[in-house]
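Trainee: I would like to learn how to read strands and ring pairs in a model. Please take me through an example.

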Amino acid sequence: MDWPVSVALAQSVPELPTGTDWSYEVKLDGHRMIMWRTGDGVRLQARSGREVTAVWGDLALAGHHLPAGAVLDGEAVITTEDGRISFDAAQARAASSPTRARRLAAHRPAHYIAFDALQLPSPNGDMRARPYSERRAALLGLLAELPANTPIQAVSATTDRDTALTWYDTLHQGIEGIVAKRTTSPYRAGRAGAWLKIRHAETMDAEVVGYTGPPLRPRTLAVRLPDERTALSQRLSAPLAAQVGPYLAAAPVLGWARTTAGDAYTAAEFGLVVEVLAGTTRHPVVTVTRMR
């Protein structure tokens with residue numbers, strides 16, 4: 001399997017699917033991460049393909065318990081003192097320098113909640129073409145061999161839809177919603193696979209394709225919505241502009257482009273995803289809520 005791997009994504013739906021061939025997983029509010037156990041160490045990959053090992057060193061250390069050749073898909077999460085999952089804490093870690101990340105890890109260590117096994121040591125190899133049910137069983141078997149106090153754990157899952165709906169209705173803090181996965185489906189990159197999700201918030205993920213204003217302090221972001229429309233966001237808050245600025249400044253500029261509505265922006269290649277609130281009209285009003 002070549003680095004970086006393209007990740008599978010879930011499509012938003014209004015309600016969970018029914019049937020006997022679905023498994024339902026809790027969707028945690030953290031940072032998507034691929035954990036690679038190589039022959040001589042551990043590498044951590046963000047959803048965008050960037051290497052993020054340096055700022056998640058505690059998880060890289062824990063990953064050494066995995067056998068060489070294992071590649072897992074999951075979510076890096078951080079909990080607060082009262083045991084709640086905090087996206088803000090995970091976001092602060094992801095945006096920090098390696099030195100600051102080590103300080104944050106000493107105060108609030110991360111957990112890695114795995115939900116898929118993409119590759120296993122020989123003779124299994126690449127697992128992506130195998131059904132979800134096989135990959136889930138392989139993941140549980142692999143994690144069962146880890147030390148009892150490891151921060152690497154399997155995500156909660158059930159084949160009972162009523163149980164999943166109970167989770168959705170009762171679990172909110174740090175829980176985005178529920179992901180349904182067809183048990184016979186392979187692991188496919190993008191939204192082409194059989195992964196569906198319901199979320200508590202009326203939000204969506206959008207790819208950043210450009211910006212207006214100076215890159216280090218952008219006024220707005222140009223984003224590509226799930227329906228392939230491009231739009232400019234509302235003016236960014238100062239903290240959010242400061243957070244995304246370094247990514248924009250480091251990205252190759254492609255020139256000028258225009259949104260679906262005709263608004264001009266500076267186009268660039270980022271591999272950056274943000275969470276937005278967007279209307280459903282022809283010219284949507286888009287508000288960026290946070291960087292993913």
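Predicted model: local features only at pLDDT ≥ 70, side-chain atom pairs only at ≥ 80, totals over all residues.

Trainee: In which sense do β6 and β7 pair, and over how many bridges?

Mentor: They pair in the antiparallel sense, over two bridges. Strand β7 covers residues 125-126, and its Asp-126 stands opposite Gln-119.

Trainee: Which strand pairs with β6 over eight bridges?

Mentor: That is strand β5, residues 71-78, and the sense is antiparallel. Within this pairing, Ala-76 faces Tyr-112 of β6.

Trainee: What is the sense of the pairing between β6 and β8?

Mentor: It is parallel, with three bridges between β6 and strand β8, residues 152-154. Here Ala-114 stands opposite Ala-154 in β8.

Trainee: How should I think about the side chains of a strand?

Mentor: As a general idea, side chains in a regular strand alternate between the two faces of the sheet. Now the case of β6, residues 110-120: 10 of its 11 residues are buried, so the strand is largely enclosed by the rest of the structure. Buried here means under 20% relative accessible area.

Trainee: Next topic: aromatic rings. How many aromatic pairs does a search of the whole structure find?

Mentor: The search finds four. In general, a pair of rings is described by the distance of the centres and the angle of the planes. One of the pairs is Phe-115 with Trp-195: the ring centres are 6.2 Å apart and the planes stand at 80 degrees, so this pair is edge-to-face. The cut-off for that label is an angle over 60 degrees.

Trainee: Where do Phe-115 and Trp-195 lie?

Mentor: Phe-115 is in strand β6 and Trp-195 is in strand β11, residues 195-199, so the pair ties together parts that are 80 residues apart in sequence. Both Phe-115 and Trp-195 are buried.

Trainee: What is the arrangement of the rings of Tyr-187 and Trp-195?

Mentor: Their centres are 5.6 Å apart and their planes are at 85 degrees, so that pair is edge-to-face. Tyr-187 is buried, as is Trp-195. Through ring pairs, Phe-115, Tyr-187 and Trp-195 are linked into a cluster.

Trainee: Which charged end sits over the ring of Trp-195?

Mentor: The charged end of Lys-181 does, 3.7 Å from the ring centre. Another case is Arg-43, whose charged end sits over the ring of Trp-3 at 3.8 Å from its centre.

Terms used:
Residues numbered from 1 in each chain as written. Heavy atoms only, no water. Buried < 20%, exposed > 50% of the residue type's maximum accessible area, 1.4 Å probe, protein only. Helix = DSSP H or I, 4+ residues; strand = E, 2+ residues; numbered from the N terminus. Pairing = 2+ DSSP bridges. Phe/Tyr/Trp six-rings, centres within 6.5 Å; stacked < 30°, edge-to-face > 60°. Lys NZ or Arg CZ within 6 Å of the ring centre and 35° of its normal.
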